[in-house]
Amino acid sequence: MRKLTLTGKNVEEILTIFEEDMNIKKGEYDYLVIDKGSSGFLGFLSRDAVVEVTIKKEYYERKLKEFLENVVRCFDEGISVEVFSKNNRVFIAKIKGEGIGKIIGKHGKGLGALQHIATIFLNRLSDIKITVIIDAGDYREKRKELIKNIVVNAVEKLRNGAKKIELDPMFSFERRLVHEFLKRYPDVFSYSEGVEPYRYVVIERRGKNDSFQTRKSRTYNNR
């Protein structure tokens, strides 16, 4: 996830300084000795040791867990955090406890803000783009069912004569769910409009003369 080339007097010194500076533990990184270095002869022809270090996902899991625990403790000491990763790019955090309602916030805005901040935090530690997904009390699964019902109701209104339906502003993962659910209905199409955090989904009924090229131009904005 992140590779560093480090130099020093010897391998042991390099790794000791690296662990202290990065607050990283053994087992959270791998290393490859490029050059063991040499003290030379009588101080001449000395050569620094060179080590290539690769930081593993275990480091990022721990750092994310610590970060979130520090935040949620401000709401309730009884809240717990569990973090795991699907791969080196997607990290999932599950928050549990009686006080999670304060974290979720109205319409999930608190949870969305926490996820945004956590994503920025973790990406500053990595060389590749990392996605952080935070769920609290299965909120996302419940929200998924709600969005599915919203889509069904919107399609029904369009079929009953409405020309266009504009949904309330949603987070990006919610808008993706809307677009995904609507693929089941060939007589409608959707696209997103607006600027974050007020970006929303528009659903329209597909016209008889709606060509493939027209549909294609509308789908570029499905985010």
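Author: Domain 2 (58–136) and domain 3 (140–205) both give residues to the lining of the largest pocket, so this pocket lies between them. The domain bounds come from an automatic or database domain assignment. The model is predicted: local features need pLDDT of at least 70 and side-chain atom pairs count only at pLDDT 80 or more, while totals for chains, interfaces and linings use all residues. Residues are numbered from 1 along each chain as its sequence is written, and side-chain values use heavy atoms, with hydrogens and water left out.

Reader: What volume does the largest pocket have?

Author: Its volume is about 1400 Å³. Of its 41 lining residues, the closest to the centre include Gln115 and Phe171.

Reader: Which element gives the largest share of the lining of the largest pocket?

Author: That element is α4, with eight residues; α4 spans 109–123.

Reader: What makes α5 oblique to α6?

Author: α5 and α6 pack at an angle of about 45°, with their axes 10 Å apart. Angles under 35 degrees count as roughly parallel, over 145 as roughly antiparallel, 65 to 115 as roughly perpendicular and the rest as oblique. The angle therefore makes α5 oblique to α6.

Reader: Why is α2 called oblique to α4?

Author: Helix α2 (residues 57–72) and α4 pack at an angle of about 140°, with their axes 11 Å apart. That value makes α2 oblique to α4.

Note on methods:
1 Å grid on protein atoms, 1.4 Å probe; cavity = no way out; pocket = protein on both sides within 12 Å on 5 of 7 lines; lining within 4 Å. Points joined across faces, edges and corners; volume = space filled by probe spheres on them. Helix = DSSP H or I, 4+ residues; strand = E, 2+ residues; numbered from the N terminus. Axes fitted to C-alpha atoms, helices over the stretch in contact; angles between N-to-C directions.
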